[in-house]
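The following paragraphs lead the reader through selected features of one protein structure. Please keep the structure in view while reading.

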Amino acid sequence: MHKFHIPVMGLGFTVDSPIKIAKYGISSVVSIMDDHLLEDMRRIYSRKLKIPYLYIDEKEEDYRAKRIKAYMNLLHQAVENQIQELKLKDFERDEDINQYFELLPEEYHLYQLYKKMPHVTDVERRKIGKILKDAIIPGSIDVNIMTKVDKLNYDGNGNELPREYSDALSALRGYAESDLNSSVVYSAGLNPALYSYIAQFPDFFPDETGEIKKRIILKVSDYRSALIQGRFLAKKGIWISEFRIESGLNCGGHAFATEGFLAGPILEEFKTNRVSLRETLLTACQEALKEKGLPLLPENIKPKITYQGGIGNSEENSFLLEYYQLDGTGWGSPFLLVPEATSVDKDTLNRLIRSKKSDYYLSHASPLGIPFNNLRISSGEEQRIARIDKNRPGSPCYKKFLTFSKEFSDKAICTASREYQNLKFKQYKAGEVTELELNEVLQKDCLCEGLSAPAILNAGETPRRNLSAVTICPGPNLAYFKGVFSLKEMVGHIYGKFNLNLDAERPHVFIKELQLYMQYLKSEMEKALPENNQKFETYIGKFQKNLESGIQYYNDLIEGVSVGKDEVTKKMKEQLDSILLEIQGTASIV
């Protein structure tokens, strides 16, 4: 129903977004990695919605998949009920049904029909009302699985459980066995075991009519990744319904930086190769389905192509949709300032409002070892620093989703845990690691607790074990948004019905990403070690070349098409020239 979606944000920020906004036709993505959080949210919403609740204990077999399935079914039923209630509403008396159509883009036929209602006869109004109500559909309740978060699990006696009981596979099973008709978004790259496991569930294959009940969305950073992952799945008869391109750095959460490949050239490559990508995947998929004796896909099926990362206004949004022929865009971090859409506790919301641009930074906070967008003034950061000051670095580790380090024993532990950081501190005292290496370890934060706490706090409850400090991972684009906005204001801003008053210094989405890559390049150069000099120079040289190629692409683009208003284009040219000089300056250093 809409041209945009709300991507997954953290563990808790979008965990109940479907209950908030799916009734308006807006799709959002829920992380299903933390079954403890999902079980708490199921308890909270069962009470709110007066649904019987039976606790799923960790001692139960396959409890993780059962918890995820139960919460997915709660979301599904809650949204179904909301839609049924919405269709019974009266246009003259009820706000919700009017809001549904007020939020639509102005060019949509349904929006135009809705706007006619005050100007027609009673008979016509009733006819239009029926047409509109019949057209009401919910937004999709999509889920996210971060493929790298796939810890193996053990039974009560310490015996390793079969592979299908790992964190990612059990999450997929919980979703696959739920009642949802939606998509699972895979992020963080190819996981062969997880991708192969999809074939165990019939809902991921087309039915007799060619419909797929549960679909696959791949979040990718470039075309090559899309092709490799798409082929892997297509050979198993699994169709990719959407390629969700995300900026490598101009995004929230974990940042998967490319080697200087920029969003514009990447989108151009998808645009150029869209037909061949479809044909390649469809041919492989149909062959696999034939071999399995399953119904084939419709011959006219096409994967959607969407983009997310740092979009700030309707002008950018429209340009991306039209020039790159996209099927939609994703708007994430700005919705952290929309309480009607996301779950951000009041304290964290106030911190976001008073934050400065310098408070947004790319950190080493993630135990996965992947750069992580962070906020310097979050309560999670305050807690991390306070623990170090008290000579008690690290976090108590209860959920253990990120226990991947076997540096000190055969039993994996988390690098953000108190146990790991104490052992690292002992190494430092013994002169086995440098102060720089120790400080990087001390930056690790407990994402399991910090990213889930806001949903519990926002619901008016206290997180388990009173771990209430919040880690928040906004994209750098949020620094230019200030205030708390209504859903109508933010959606209207996306569609150009009106403009939010953004910071005047905000650069164009393409320029901001380029600036972030320039900062990233400088930080990479600071890591240079003499013994890695040749390899380092090759890497930096390739990075610089890709950035220069991207700048040339943007200059050609500006000359050939209208990217924005004249003042926007003029400023972009100046910034591109300035950054090119900066890159050439770094080249002379290497």
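Glutamine 308 belongs to strand E7, which covers residues 304–308. In this predicted model, glutamine 308 has a relative accessibility of 3% and therefore counts as buried, the cut-off for that class being under 20%. The side chain of glutamine 308 makes a polar contact of 2.8 Å with the side chain of glutamate 246. Once neighbours within four places in sequence are set aside, the residues in contact with glutamine 308 are His5, Pro7, Lys219, Arg244, Ile245, Glu246, Ser247 and Gly330.

Attention may now turn to a pair of helices. Helix H5, formed by residues 109–116, packs against helix H6, formed by residues 122–135. Their axes lie 10 Å apart, at an angle of about 150 degrees, and the crossing of H5 and H6 is left-handed. On the side of H5, the contact is made by Leu110, Leu113, Tyr114 and Lys116; H6 contributes Ile128, Ile131, Leu132 and Ala135. Sorted by class, the residues of this contact comprise seven nonpolar and one charged, with no polar residue.

The aromatic residues form a further topic. Across the whole structure, a search finds 23 aromatic pairs. A pair of aromatic rings is described by the distance of the centres and the angle of the planes. For phenylalanine 510 and tyrosine 554, the ring centres are 4.8 Å apart and the planes stand at 25 degrees, so the pair is stacked, since planes under 30 degrees apart fall into that class. Phenylalanine 510 is located in helix H19 (residues 509–526) and tyrosine 554 in helix H20 (residues 533–560); the pair therefore ties together parts that are 44 residues apart in sequence. Phenylalanine 510 is buried, with a relative accessible area of 1%, and tyrosine 554, at 0% relative accessibility, also counts as buried.

Another aromatic pair consists of tyrosine 520 and phenylalanine 543. Their ring centres are 6.1 Å apart and their planes are at 25 degrees, so this pair is likewise stacked. Tyrosine 520 lies in helix H19 and phenylalanine 543 in helix H20, and the pair links distant parts of the chain, 23 residues apart. Both tyrosine 520 and phenylalanine 543 are buried.

Which residues form one aromatic cluster? The members are Phe319, Tyr323, Tyr324, Phe510, Tyr553 and Tyr554. Two of these, Phe510 and Tyr554, are the partners of the stacked pair with centres 4.8 Å apart.

Terms used: Residues are numbered from 1 along each chain as its sequence is written. This is a predicted model: local features need pLDDT of at least 70, side-chain atom pairs count only at pLDDT 80 or more; totals for chains, interfaces and linings use all residues. Side-chain values use heavy atoms; hydrogens and water are left out. Helices (H or I, at least four residues) and strands (E, at least two) are DSSP runs, numbered from the N terminus. Buried means under 20% relative accessible area, exposed over 50%, partly exposed in between (1.4 Å probe, protein chains only). A polar contact is a pair of N or O atoms within 3.5 Å; within protein, one must be able to donate a hydrogen and the other to accept it, and residues adjacent in sequence count only if both atoms are side-chain atoms. Contact means heavy atoms within 4.5 Å. Axes are lines fitted to C-alpha atoms, for helices over the stretch in contact, and angles run from 0 to 180 degrees between N-to-C directions. A crossing is left-handed if the near helix is turned anticlockwise from the far one by less than a right angle, and right-handed if clockwise. Ala, Val, Leu, Ile, Met, Phe, Trp, Tyr, Cys and Pro count as nonpolar, Asp, Glu, Lys and Arg as charged, and the others, Gly among them, as polar. Rings of Phe, Tyr and Trp (its six-membered ring) pair if their centres lie within 6.5 Å; planes under 30 degrees apart count as stacked, over 60 as edge-to-face and the rest as tilted.
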